[in-house]
Amino acid sequence: MSEDDTRPVIREVRPWYRWMKLKEGVYPELNARLLRVQSTRFRFGERMTSQTRSLPEIDVILRVRLAIGEAAIIRSRHWPGRLYNAVVGESARYSRFNGHEVRDVLSVIGAETEGLVDPNGTYDLRLDFLRDILLRIAEERG
């Protein structure tokens with residue numbers, strides 16, 4: 001990680017739609033049924049993401065996110081690629097993680113995340129920071 005880089009290593013993402021209120025639908029029974037399906041899917045996803053990941057799982061997550069970030073860097077060299085990155089929400093400098101993943105990634109370097117990272121939040125981590133963590137994982141594996 002370069003010492004002269006002034007960009008934050010971790011930044012919180014606040015979506016613009018978080019504070020919007022949803023309008024009541026015309027068909028309340030259909031809305032209730034859809035809400036039950038969505039809440040079941042949400043609870044399943046919440047249980048899956050809240051589990052602590054092992055070191056090999058963290059390694060795979062970081063490698064995939066780094067590959068996506070490197071593809072975004074290559075695309076950002078010309079205007080159609082920058083437009084594509086903007087449309088799909090990819091960044092040439094950051095990779096997006098949820099709060100549980102940030103907790104697991106920072107546990108690799110021994111950082112204390114209790115009270116600092118919201119498990120339901122969304123965060124961006126710098127790509128050079130991810131490379132450093134992958135090097136540390138490779139050193140631990142020997």
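This is a predicted model: local features need pLDDT of at least 70, side-chain atom pairs count only at pLDDT 80 or more; totals for chains, interfaces and linings use all residues.
Residues are numbered from 1 along each chain as its sequence is written, and side-chain values use heavy atoms, with hydrogens and water left out.

**The whole chain.** Begin with a cartoon view. The chain holds five helices and three strands, in the order β-α-α-α-β-α-β-α from the N terminus. Helices (H or I, at least four residues) and strands (E, at least two) are DSSP runs, numbered from the N terminus. Of the 142 residues, 27% are buried; buried means under 20% relative accessible area, exposed over 50%, and partly exposed in between (1.4 Å probe, protein chains only).

**Helix α3.** Select residues 79-88, which form helix α3 and include Val87. Val87 is exposed, at 66% relative accessible area. Together with Trp79, Leu83, Tyr84 and Val88, Val87 makes a nonpolar surface patch of about 570 Å². Patches are made of residues with over 30% relative accessible area and no salt bridge; like charges are joined within 9 Å, and nonpolar side chains (Val, Leu, Ile, Met, Phe, Trp, Tyr) within 5 Å.

**Salt bridges.** Side chains of opposite charge can pair when their charged atoms come close. A salt bridge is a side-chain nitrogen of Lys or Arg within 4 Å of a carboxyl oxygen of Asp or Glu; the count here is ten.

Next, select Asp104 and Arg53, whose closest N and O atoms are 2.7 Å apart in a salt bridge. Asp104 lies in helix α4 (residues 99-108) and Arg53 in the loop between α1 (28-50) and α2 (55-75), so this pair ties together parts that are 51 residues apart in sequence. Both Asp104 and Arg53 are buried.

Move to Arg65 and Glu101, which form a salt bridge at 3.3 Å, N to O. Arg65 belongs to helix α2 and Glu101 to helix α4, so the pair ties together parts that are 36 residues apart in sequence. Glu101 is buried, at 11% relative accessibility.

Finally, select Arg11, Arg96 and Asp124, which are linked in a network of salt bridges.

How values were computed: Accessible areas come from the Shrake-Rupley method with a 1.4 Å probe; for residues, only the protein chains shown count as cover.
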